[in-house]
Amino acid sequence: GGVCIAQSLKIPREPRAGEFDKIIRRLLETSNARAVIMFANEDDIRRVLAAAKRNNQTGHFLWVGSDSWGSKISPVIGQERVAEGAITILPKRASVEAFDRYFRSRSLSNNRRNVWFAEFWEENFSCRLGMHGKRAGNLKKCTGLEKVGRDSSYEQEGKVQFVMDAVYAMAHALHRMHRQLCYGYPGLCPRMASVDGKELLSHIRAVNFNGSAGTPVVFNENGDAPGRYDIFQYQITNRSTAEYKVIGSWTNQLHLKVENMRWKSGDPSLPPSVCSVPCRTGERKKVVKGVPCCWHCERCEGYHYQASEFSCELCPYEMRPDSNRTGCVPIPIIKLEWHSPWAVVPVFISMLGIIATSCVIVTFVRYNDTPIVRASGREMSYVLLTGIFLCYAITFLMIATPDVGVCSFRRIFLGLGMCFSYAALLTKTNRIHRIFEQGKKSVTAPRFISPASQLVITFSLISVQLLGVFLWFVVDPPHTVVDYGEQRTQDPAAARGVLKCDISDLSLICSLGYSILLMVTCTVYAIKTRGVPETFNEAKPIGFTMYTTCIIWLAFIPIFFGTSQSAERMYIQTTTLTVSLSLSASVSLGMLYVPKVYVILFHPEQNVPKRKRSFKAIVTAATMSGKLSQKGGDRPNGEVKTELCESMETNSE
């Protein structure tokens, strides 16, 4: 009937002290199951209600009593508030008038066959029958003329109808059996004398007659008579008087007048009674073993959603639970936005660098034939400035929205700017080193020091980087990916997918690795040529540039890899990489070209040619200058240095 039993408790036959309090505490373990159906005698019913009152549970339980409770006063007297709203049943009964006429006519003289009638007589009329009466005390003596219903109160016992019908059912069954087995034989025939009880039971179940109350007496296949019950509710009226009110009946089906039902304090609303309340959205039921209507609600945690009433399942990797956890929705995809502070700072630095580099290039082109520009090695300067420009420009590619084109250009230009810069600087430092090493041995100029040779060497070094990038394109064509693991937080609401180029940290280091190798090699040559006169082909500025650049990239590595587990990894690593590239480009630009541009623009009187000498004279002067410097000589040698720079440039050309 849709009723689920949360608990089934037994009242002991001989309950100990505190047993009923223990029963109440057990019932409170399933506090939402408030309806308590009691099959107990009236004494136990009274003690259960008393225990509920002692435990301050007045109004909590909704009592449903069997016919042993019925409409009796004894179970509820003194604890009306606890029993308020209790629903009880009684078999539907009818008063048999013939029995009343018969019983009222009974007296001591005409009812001697009933051995208990004398005891009833004394009890009913509060008198004593002679010396041998059952009742003791100073009661009056019974006259025998008392009349039932006249000299005492009389009310027909409610079960009279059923007793009469039971007797008639047995009589009808015996009559039916006699007719079937004895075939009109008067009295008990031999066949019926040894009848089996099961055979008699079959005849009892087959009876069908109108009973004493005019209702049919029949039995179903289980041997049960049709249920006919009156349904009562124990109500406390506005006058604070408690009484049983008929609220319905059962005759083959339920007839209930819900509008007549009253609960605590006259509340007409139907109180709930369930073992477990329905789980909220996004929670699964964990059913208590053996009790299908009792469960614990467990929320689907993390990236799980409620797949069914009883299970949670994990969302696909690229999805997360929705707000109700009843399904999955795609994880939002993010990228580094131009307006983000992580992008604004690198872009600002890069734009300043591009403007400064463009100014230097324009100045060098405008004053292309002046001594300072020529002494700087014009061709190599333009290569180096191109590399510096690319180092600044890569910032825009790193922040741009990833697609196949952007990812392709990132692969090409990420290491190319550094490769241009350090290939040119390496070629310069190597040239200086070879010139002075050769000058110590002979007066013959070393090979491959002309501008054309320097360009060939530089672009040969650059071609290695381009070849590596080309192989990378062949092995793993560029494409975009959405990384859901980088920002897959414990809270799914904060999870994001990061749109990025498919460039791993290892691939990034490999792309920059060759340029870093050139940088380290250039630094080694810068150390070797540290004793060269300071203005000769920018040996010392190149050295300072490389030392500073090494420091920048040594700081870059722990920052870049130390944040690999951070939720802000994409922002920190991109910003760190672009700022490191811009800073290394700024160091080269500031130390190598800003002083020259300053002289060209603001001190043109210093931008004049010096007299030229042969390679032998130049190397000799430079060597002597170095020796004198070591001896602490105070002879000015600025003129020799300048001539050396200009003459080397001229000889190279």
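**Disulfides, a pocket and a buried threonine**

The side chain of Thr370 reaches the backbone oxygen of Tyr367 at 2.8 Å, a polar contact in the sense of N or O atoms within 3.5 Å, where one must be able to donate a hydrogen and the other to accept it, and where residues adjacent in sequence count only if both atoms are side-chain atoms. This is a predicted model, so local features need pLDDT of at least 70 and side-chain atom pairs count only at pLDDT 80 or more, while totals for chains, interfaces and linings use all residues. Residues are numbered from 1 along each chain as its sequence is written, and side-chain values use heavy atoms, with hydrogens and water left out. Thr370 sits in the loop between helix 9 (341-366) and helix 10 (371-375); helices (H or I, at least four residues) and strands (E, at least two) are DSSP runs numbered from the N terminus. With 16% relative accessibility, Thr370 counts as buried (under 20% relative accessible area; exposed is over 50% and partly exposed in between, with a 1.4 Å probe and protein chains only).

On to the cysteines. The whole structure holds eight disulfides, each a pair of cysteine sulfur atoms within 2.5 Å. One of them joins Cys4 and Cys293, with the sulfur atoms 2.0 Å apart, and it is left-handed at -80° about the S-S bond. Cys4 lies in the segment before helix 1 and Cys293 in strand 12 (residues 291-299), so this pair ties together parts 289 residues apart in sequence. Cys4 is partly exposed at 31%, whereas Cys293 is buried at 16%.

Cys127 and Cys142 pair up as well, their sulfur atoms 1.7 Å apart. The torsion about their S-S bond is about 95°, so that disulfide is right-handed. Cys127 belongs to strand 4 (residues 127-128) and Cys142 to the loop between strand 5 (140-141) and helix 6 (160-181), 15 residues apart. Cys127 is buried at 0%, and Cys142 is buried at 9%.

Then there is the largest pocket, with a volume of about 1300 Å³. Among its 43 lining residues, Val3, Ala35, Val36, Ile37 and Val64 are the closest to its centre. A pocket here is an open set of points on a 1 Å grid over the protein atoms alone, where a 1.4 Å probe fits, with protein on both sides within 12 Å along at least five of seven lines; lining residues have an atom within 4 Å of a point. The volume is the space filled by probe spheres set on the points.
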